[in-house]
Amino acid sequence: MNPSIYGLTKSDLSLWITEQNEKKFRANQVWEWLYEKRVTSFEEMTNLPKPLIEKLSAAFVINPLKQMVVQEASDGTVKYLFQLPDNHMIETVLMRQEYGMSVCVTTQVGCNIGCTFCASGLLKKQRDLTAGEIVAQIMLVQHYFDERNEGERVSHVVVMGIGEPFDNYDNVMHFLQIINDPKGLAIGARHITVSTSGLAHKIREFAENGLQVNLAISLHAPNNEVRTSMMRINRSFPIEKLMAAVDYYLEKTNRRITFEYIMLDHVNDRPEHARQLAALLKDKKKLSYVNLIPYNPVSEHDQYARSKKADVLAFYDILKKNGINCVIRKEHGTDIDAACGQLRSKQMKKEASAS
């Protein structure tokens with residue numbers, strides 16, 4: 001199948017247009033059709049000459065994704081299951097926040113990080129998504145708004161879906177450049193957050209690229225023993241190595257980092273864990289922020305349970321008393337398949353039983 005034209009940056013598109021011996025201004029026209037008028041076929045680009053439309057149709061597709069399942073929660077959260085051209089499936093989530101419409105995108109088919117609490121890793125990594133396949137997730141959610149004439153637009157993006165974004169670094173950086181383009185979707189860099197489970201060398205590389213995009217670290221434990229039991233990646237990038245990379249990032253960018261911390265009953269939610277976490281982040285108080293996350297149970301990981309509300313509040317209080325900025329994350333989509341990877345896993349089981 002041809003690649004998605006959504007995978008081209010504005011400069012990539014201009015280069016392709018000139019290589020076709022077409023006038024350079026045609027790139028601006030195509031870009032406008034894609035991201036401002038948001039057409040779904042090349043034939044709708046009515047101010048382009050027919051030969052150029054034929055060239056575009058021969059070289060690219062616009063939307064490489066097929067919508068399989070849509071779940072809408074009572075709080076307005078929408079979860080999509082999309083099928084890729086090679087029949088693999090991915091998830092995308094729309095969350096209606098007080099500050100705008102936020103979309104969580106997937107970057108890989110499956111995941112090799114090996115987090116023992118996560119539904120995303122139930123399927124090992126099959127392949128990376130292309131930049132065009134990641135952009136298409138945003139575009140399909142925007143089409144969801146357009147079709148309903150809601151006048152809404154995707155204003156925020158979190159790169160926290162299935163997969164490890166920094167394990168697909170080049171495609172993710174390409175994606176960020178495309179959605180940040182001021183003549184396209186114009187999603188501000190400070191409205192975009194990329195999450196990593198802790199690939200220390202890529203955190204350092206990310207610090208060098210000059211983007212004003214936010215960074216989140218999936219920490220989930222305050223010491224190596226607990227973190228290794230939860231996250232296999234900690235064997236390669238233990239907390240000491242991870243925190244050294246974080247220090248480098250903070251020194252280089254002076255930008256705040258969010259530390260994601262999923263609360264698991266009697267695993268990482270004890271008062272001593274809170275005190276250890278406060279000590280770990282003590283010298284990063286001014287530029288760190290802890291996000292305490294309620295756990296969405298996954299049937300395949302029944303060794304874990306959600307922390308009790310009283311334990312979460314006690315954990316929060318200890319962090320606050322030690323001067324650590326933190327918040328208990330508001331839940332979204334609790335009445336649908338809320339955990340990342342859960343909807344895909346359910347669909348795969350359904351298909352397997354049908355065959």
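In this predicted model, Ile 262 has Ile 293 in E11 as its bridge partner. That pair belongs with the contact between strand E10 (residues 257-263) and strand E11 (residues 288-294), which run parallel and are joined by seven bridges. Strands of a sheet pair through backbone hydrogen bonds, either parallel or antiparallel.

E10 and E11 are part of an open sheet of 10 strands with mixed pairing, and the order across the sheet is E1-E2-E3-E4-E7-E8-E9-E10-E11-E12. The edges are formed by strand E1 (66-72) and strand E12 (326-328); each has a single partner strand, so one side of each is left without a neighbour in the sheet. On average, neighbouring strands of this sheet are turned by 20° against each other, direction ignored.

Helix H8 (residues 239-253) lies across strand E9 (214-218) and E10, and runs at about 145° to E10.

The remaining topic is a set of annotated cysteines. An unreviewed UniProt entry carries the annotation "binding site" for Cys 111, Cys 115 and Cys 118. Cys 115 sits in the loop between strand E5 (108-109) and strand E6 (127-128), and Cys 118 is also found in the loop between E5 and E6. Cys 115 has a relative accessible area of 17%; buried means under 20%, so Cys 115 counts as buried.

Key. Residues numbered from 1 in each chain as written. Predicted model: local features only at pLDDT ≥ 70, side-chain atom pairs only at ≥ 80, totals over all residues. Heavy atoms only, no water. Pairing = 2+ DSSP bridges. Helix = DSSP H or I, 4+ residues; strand = E, 2+ residues; numbered from the N terminus. Axes fitted to C-alpha atoms, helices over the stretch in contact; angles between N-to-C directions. Contact = heavy atoms within 4.5 Å. UniProt positions renumbered as here; feature names shortened; annotations may be inferred. Buried < 20%, exposed > 50% of the residue type's maximum accessible area, 1.4 Å probe, protein only.
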